[in-house]
Amino acid sequence: MAIEETFDAKESMTEGHSLTREPRINETAESTERFKVRIENVNGWYGSKRAIKDVNLNVREKTVTAFIGPSGCGKTTLLRCLNRMHEMTPGAHADGRVVVDGIDIYGKSIDPVVIRRRIGMVFQKPNPFPTMSIFDNVAAGLRLNGMRNKTIIREIVEESLKNAALWEEVKNELEKPGMSLSGGQQQRLCIARALAMQPEVLLMDEPTSSLDPIGSSKIEELVRTLKDSVTIIIVTHNMQQAARVSDFTAFMYLGDLIEYGSTNQIFMKPEKELTERYISGKFG
Amino acid sequence: MTSYSNSNKKYSKILHETVNKNYRKRMIINKLVTVFAIVCVIAAIIPLGSILLEVVKNGASAISLEFLTQPQGSIGSGRGGVGPAIQGTIIVVGLASLIGAPVGVLAGIYLSEFAKEGKFADSVRFFNDVLTGLPSIVIGIVGYVIIVLAIGSFSVFAGAISLSIIMIPIVVRVTEETLKIVPYSLREAGHSLGISKARITLSIVLPSAKNGILTGIVIAISRIAGETAPLIMTILGTSLFFTGITGPVDALPLRIWRLASQPYESAHAFGWGSALVLILMILALSVGLRFLAQRRSFKVAI
Ligand SMILES: Nc1ncnc2c1ncn2[C@@H]1O[C@H](COP(=O)(O)OP(=O)(O)OP(=O)(O)O)[C@@H](O)[C@H]1O
Ligand SMILES: [Mg+2]
């Protein structure tokens, strides 16, 4: 009884301090429900080429996890396996299990379209819909999924733009085309568009790589605030960025997950030599 | 590092020499190509311009309210007008477009977004191309045999079907090609929001390709509006106004052809007038559709 109590207390204490919590990758069954996303033996294929190999990784709810690694190591491929976008590439397929909230999204009865409503994605290059206004861009996911209630749409659009830290800049020109914004604003528009679907998980593939430092830091700030409500997985080439925004870091190399741990641990005392060499900029 | 900058220096001299030596030559070639391009543009515009000029010069005087609204008076009298032909062209071409444009656009969407590769899509593309190249008189004969003989009368219906068969392959091709240019990243963004494929196609991809597809439709309509051969086989041509969808009707190209083969001055003047009216109608259609496309309220209504 006493032991259980202390265990509970420890768990609830660490709840709000994910940064300081060491991840236990091989955690026992009792706490597996705490993981928002469980990646189990996932392989990603392009034709007969295996771009990611038997990746196992558990992502905690409401944390930021960074995927890092040299170009071509499979970060994008892995990310796209998590909302079943990978299989949209002609000739590509994935196997293994990706369990989100206890449900395997690769299960037989699962419709990938429904999965993608719950798992949002932000792409490397901002891609607002060119024929739509700022407002319509954010409303697109709602409307095209059948939402008709204008009051609700209006409310969600405003809230999403606020959450994406874009509201103040665009609130007086919502009818202007989405393409009329700057690159950084367009990327935040795309984030707002994803947030409007109220995703539980947000996948971001190098969201700042086409932006200047100011645009980048806005998005980094955004990522840090968003994790209060969303589980975020972010691919980045920028080591400092990974260190700044993420709680956990996964290092990949040639399609393998080499090391996964708290960002502090990966950057301060990596266990694998390869990780250490990459972090310190000796290759990549 | 040192060897790299050394080799860089080693070649920098020869690089500069080559660039400088070729500079004058390139300037001259540049000028020649520009001049050649301008000559080609002029060569393309001259016939077009002179045709338009000739039509306006000969046709403008024939046009009057009577000409636009009345049926033709007795042969050689120079009285009346080509009202039935104008009305017939609007009805037959309009009906053909109402059939041809949606079918063509949908087939183009199917090829670009859903079928993509595969035996079936490839054979559809092949037959579509064959259809594009088919002489229009052949399509007229088919319309005659299948529809005119079946109904037992030359008819608006047979003409519209024949013209839509000419229109469809053009629209299919243009739609497919235009949709292919729409960046994949837009479709991807749609998928990432959990939007169904049909919805993405109709509400995201299609609006992005709207202008290109509309241009294709205008070109196809212009093409069928000037068709004569298939209309001889299907609507026949009369000097009376529209009587019904299963009855014969007149059309401007037919009227022009008939007027041109009459030996009277006044008939020839009417012919030129009809040609001018036809050109103006196509121009108005083209400008009108473009204007409509520019307006924000004109969205694919789905
Ligand atoms: N469409 C494709 N077809 C075939 N192979 C592909 C395709 N996309 C990626 N690959 C291959 O899969 C491997 C992983 O690519 P991926 O794009 O996931 O790498 P990445 O880590 O995201 O790289 P980068 O940092 O440059 O974006 C690479 O070796 C690449 O060549
Ligand atoms: Mg990538």
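How are H9(B) and H12(B) oriented to each other, roughly parallel or roughly antiparallel? In this predicted model, H9(B) and helix H12 (residues 265-294) of chain B pack at an angle of about 165°, with their axes 10 Å apart. Because angles over 145 degrees count as roughly antiparallel, H9(B) and H12(B) are therefore described as roughly antiparallel to each other. Their crossing is right-handed. On the H9(B) side, the contact is formed by B:Lys210, B:Asn211, B:Leu214, B:Val218, B:Ile221, B:Ser222 and B:Ala225, which meet B:Leu278, B:Ile282, B:Leu285, B:Ser286, B:Leu289 and B:Ala293 of H12(B). By class, nine of the residues in this contact of H9(B) with H12(B) are nonpolar, three are polar and one is charged.

Helix H9 (residues 210-225) of chain B also packs against helix H6 (residues 156-181) of chain B, here at an angle of about 160° and with the axes 9 Å apart. That angle makes H6(B) roughly antiparallel to H9(B), and the crossing of H6(B) and H9(B) is right-handed. From H6(B), the residues in contact are B:Leu163, B:Ile166, B:Met167, B:Ile170, B:Val171, B:Val174, B:Thr175 and B:Thr178, while H9(B) contributes B:Gly212, B:Ile213, B:Gly216, B:Ile217, B:Ile219, B:Ala220, B:Arg223 and B:Ile224. The contact of H6(B) with H9(B) comprises 11 nonpolar residues, four polar residues and one charged residue.

Between the chains, 15 residues of chain B are in contact with 20 residues of chain A. On the side of chain B that touches chain A, helix H7 (184-192) and helix H8 (197-208) of chain B each supply at least two residues, and H7(B) gives the most, with six residues. The composition of this side of chain B is six nonpolar, seven polar and two charged residues.

As to confidence, the predictor assigns the complex an ipTM of 0.85 and a pTM of 0.82. For chain B, the mean pLDDT is 90, and 95% of the residues reach 70 or more. Among the elements of chain B, H6(B) has the highest mean pLDDT (96), whereas helix H1 (residues 2-59) of chain B has the lowest (86). Over residues 297-302 of chain B the pLDDT is below 50, and this stretch has nine contacts in the model beyond near neighbours in sequence. Where pLDDT is low, the predicted coordinates should not be read in detail.

Definitions and conventions:
Residues are numbered from 1 along each chain as its sequence is written. Chains are lettered from A and ligands numbered from 1 in the order in which they are written. This is a predicted model: local features need pLDDT of at least 70, side-chain atom pairs count only at pLDDT 80 or more; totals for chains, interfaces and linings use all residues. Axes are lines fitted to C-alpha atoms, for helices over the stretch in contact, and angles run from 0 to 180 degrees between N-to-C directions. Helices (H or I, at least four residues) and strands (E, at least two) are DSSP runs, numbered from the N terminus. Angles under 35 degrees count as roughly parallel, over 145 as roughly antiparallel, 65 to 115 as roughly perpendicular and the rest as oblique. A crossing is left-handed if the near helix is turned anticlockwise from the far one by less than a right angle, and right-handed if clockwise. Two residues are in contact if their C-beta atoms, placed from the backbone, lie within 7 Å. Ala, Val, Leu, Ile, Met, Phe, Trp, Tyr, Cys and Pro count as nonpolar, Asp, Glu, Lys and Arg as charged, and the others, Gly among them, as polar. pLDDT is the predictor's confidence in each residue, from 0 to 100.
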